[in-house]
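User: Could you take me through this structure? I would like to discuss the sheet and then the charged pairs.

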Amino acid sequence: LLRAAADANEALGDDRAALAHSKRAHHVYEQLVGRSAQARYRALQASREFTQVQRERDHAQRSHEEAETDRQRLADLNRALEAKVAETELLHAKLQEQALRDPLTGLHNRRYLFEVGPGLLELARRQHAPLCVALLDLDHFKTLNDTYGHAAGDAVLQFFAQLLSLGLRRSDVLCRHGGEEFVIVMPDISADVAAATVQRLLADYRAERVEFR
């Protein structure tokens with residue numbers, strides 16, 4: 001509009017007004033061009049900032065996903081480790097139990113007796129309570145093995161171990177000491193009652209018959 005006004009004034013011969021309108025038009029043009037350049041620069045700057053923010057967001061998202069994956073993997077590894085530790089502890093307990101058990105009769109062995117015996121003696125001493133120990137030995141066991149074979153001897157040992165297990169108290173400790181020898185540790189019992197218990201076991205054993213083949 002300013003340029004049109006300048007052209008009109010020039011056509012009318014009013015050069016001063018035409019020059020004034022031309023200057024104003026040029027000033028407005030410079031302002032518009034400057035604003036446009038600034039706008040383009042700000043738009044470019046905003047675009048770069050947006051790209052940077054988007055890149056940082058993508059990086060943060062990837063880092064979060066990787067961290068989540070690492071946490072999940074760590075949790076899986078921890079669960080696997082806990083399962084392996086539990087399995088190892090169970091295996092260790094089984095091995096320890098096997099080491100303290102006689103494989104033929106299932107009773108505790110001499111090693112178990114040597115482990116728990118001192119503690120039972122010390123407890124009886126502190127409580128001033130009686131404690132009886134009985135050593136049982138099957139007579140003529142070698143003759144049995146020589147006559148009927150070791151399988152027959154094993155059958156007799158298993159039968160005798162089961163008879164003892166059923167005829168004793170839960171607090172009594174029963175062990176196979178070795179061969180045909182067995183040990184019973186009976187806490188908190190008088191000698192007379194312990195002797196009567198052993199005699200009852202002997203009577204029960206004599207009353208039974210072991211069938212073999």
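The conversation below turns to the sheet, its helices and the salt bridges.

Analyst: Please keep in mind that this is a predicted model.

User: Understood. What is the strand order in the sheet of 4 strands?

Analyst: The order is 1-3-4-2. The sheet is open, and its pairing is mixed.

User: Which strands stand at the edges?

Analyst: Strand 1 (108–109) and strand 2 (131–137) do. Each has a single partner strand, so one side of each lacks a neighbour in the sheet.

User: How many bridges join strand 1 to strand 3?

Analyst: There are 2 bridges, and strand 1 and strand 3 (residues 173–178) run parallel. His-108 has Cys-175 in strand 3 as its bridge partner.

User: And which strands does helix 3 touch?

Analyst: Helix 3 (residues 110–127) packs on the sheet and touches strand 1, strand 2, strand 3 and strand 4 (181–187). Its direction makes about 135 degrees with that of strand 3.

User: Where does helix 6 lie?

Analyst: Helix 6 (residues 191–207) lies across strand 2 and strand 4. The angle between helix 6 and strand 2 is about 25 degrees.

User: Changing topic: how many salt bridges does the structure hold?

Analyst: It holds 12 salt bridges. One of them is formed by the side chains of Arg-176 and Asp-102, at 3.1 Å from N to O. This pair links distant parts of the chain, with Arg-176 in strand 3 and Asp-102 in the loop between helix 2 and strand 1, 74 residues apart.

User: Is Arg-176 buried or exposed? And what about Asp-102?

Analyst: Arg-176 is buried, at a relative accessible area of 15%. Asp-102 is buried as well, at 11%.

User: What about Lys-84 and Glu-87?

Analyst: Their side chains meet in a salt bridge of 3.5 Å, N to O. The two residues are 3 apart in helix 2 (residues 15–99), so about one helical turn separates them. Lys-84 is partly exposed, with 47% relative accessibility, and Glu-87 is partly exposed too, with 48%.

User: Back to helix 3. Where do Arg-126 and Glu-122 lie?

Analyst: Both are in helix 3, 4 residues apart, which is about one turn of the helix. Arg-126 is exposed, with a relative accessible area of 54%, whereas Glu-122 is partly exposed, with 32%.

User: Which residues are joined into one network there?

Analyst: Glu-122, Arg-125 and Arg-126 are joined by salt bridges that share partners.

Terms used. Residues are numbered from 1 along each chain as its sequence is written. This is a predicted model: local features need pLDDT of at least 70, side-chain atom pairs count only at pLDDT 80 or more; totals for chains, interfaces and linings use all residues. Side-chain values use heavy atoms; hydrogens and water are left out. Two strands pair if DSSP finds at least two bridges between them. Contact means heavy atoms within 4.5 Å. Axes are lines fitted to C-alpha atoms, for helices over the stretch in contact, and angles run from 0 to 180 degrees between N-to-C directions. A salt bridge is a side-chain nitrogen of Lys or Arg within 4 Å of a carboxyl oxygen of Asp or Glu. Buried means under 20% relative accessible area, exposed over 50%, partly exposed in between (1.4 Å probe, protein chains only).
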